Amino acid sequence: MTINRVFFTSRELAESLAGNPYMAVISITDPGSPEARLDPLFRHVLRLSFFDAVPADDFIPAPGLFDRTMARAVADFIDELRAAPFEMSLMVHCEFGVSRSAAVALFAAACCGAPLNAREFAYEANTWVLDRLTEQRPGLPVDIPPRSAAAERRAAERG
């Protein structure tokens, strides 16, 4: 396992972070918006642009939605990171760090067996994105945590 930890966050937080050559980034933005301004020390970056949406019909293509080509790019990127000769962490960001990034982060963590920081907050993962990703790895179990897991963490005593 070369990916040792997976994170998901908002674009705002990702843009504020100091770069790290041992942290790869999957950067997700909305179509028509500028690329995220990431520190150049993030050397391993996959940039994607798609809307946070679920189509009404699987058989009618909708422009700007996550598709199988993007899913293949994510799977290939994860495979490249796993083949690296050194350990890396993976940060996935989207505009608000809630839905698209959560789906990609859940998939990445499942692919490499790495822990997903704040996994219990991934309960709003975009199911369309996650379904396209899991098509790339048939049989890979990827579970979206229940909303109650986040409430339990918020209610837990802090040490």
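**Helix packing and cores in a predicted model**

Reader: Which residues of helix 2 and helix 3 meet in this predicted model?
Author: From helix 2, Val74, Ala75, Ile78 and Arg82 take part, and they meet Val104, Phe107, Ala108, Cys111 and Cys112 in helix 3. By class, this contact has eight nonpolar residues, no polar ones and one charged one.

Reader: How do you know whether helix 3 and helix 4 are roughly parallel or oblique?
Author: The axes of helix 3 and helix 4 cross at roughly 30° and come within 8 Å. The cut-off for roughly parallel is under 35 degrees, so these two helices are roughly parallel to each other. This crossing is right-handed. Ala103, Val104 and Phe107 of helix 3 make the contact with Val129, Leu130, Leu133 and Thr134 of helix 4. It has six nonpolar residues, one polar and no charged residues.

Reader: Why is Arg100 called buried?
Author: Arg100, which lies in helix 3, has a relative accessible area of 3%. Buried means under 20%, so Arg100 is buried. Leaving aside neighbours within four places in sequence, its contacts include Asp30, Asp52, Glu95 and Asn126.

Reader: Which residues touch the most other members of the largest nonpolar core?
Author: They are Val6, Ile26, Phe66, Val74 and Leu90, out of 41 residues in that core. Among the elements that each supply at least two residues are strand 1 (3-10), strand 2 (23-29), helix 2 and helix 4 (127-134). Helix 3 gives the most, with ten residues. In soluble globular proteins, nonpolar side chains tend to be buried together.

Reader: What is Phe66 in contact with, leaving aside its neighbours within four places in sequence?
Author: Phe66 is in contact with Leu48, Phe50, Ala71, Val74, Trp128, Val129, Arg132 and Leu133. A second, separate core has seven residues, including Ala14, Met23, Ala36 and Leu38.

Technical notes: Residues are numbered from 1 along each chain as its sequence is written. This is a predicted model: local features need pLDDT of at least 70, side-chain atom pairs count only at pLDDT 80 or more; totals for chains, interfaces and linings use all residues. Side-chain values use heavy atoms; hydrogens and water are left out. Contact means heavy atoms within 4.5 Å. Helices (H or I, at least four residues) and strands (E, at least two) are DSSP runs, numbered from the N terminus. Ala, Val, Leu, Ile, Met, Phe, Trp, Tyr, Cys and Pro count as nonpolar, Asp, Glu, Lys and Arg as charged, and the others, Gly among them, as polar. A nonpolar core is a set of buried Ala, Val, Leu, Ile, Met, Phe, Trp, Tyr and Cys residues joined through side-chain atoms within 4.5 Å. Buried means under 20% relative accessible area, exposed over 50%, partly exposed in between (1.4 Å probe, protein chains only). Axes are lines fitted to C-alpha atoms, for helices over the stretch in contact, and angles run from 0 to 180 degrees between N-to-C directions. Angles under 35 degrees count as roughly parallel, over 145 as roughly antiparallel, 65 to 115 as roughly perpendicular and the rest as oblique. A crossing is left-handed if the near helix is turned anticlockwise from the far one by less than a right angle, and right-handed if clockwise.
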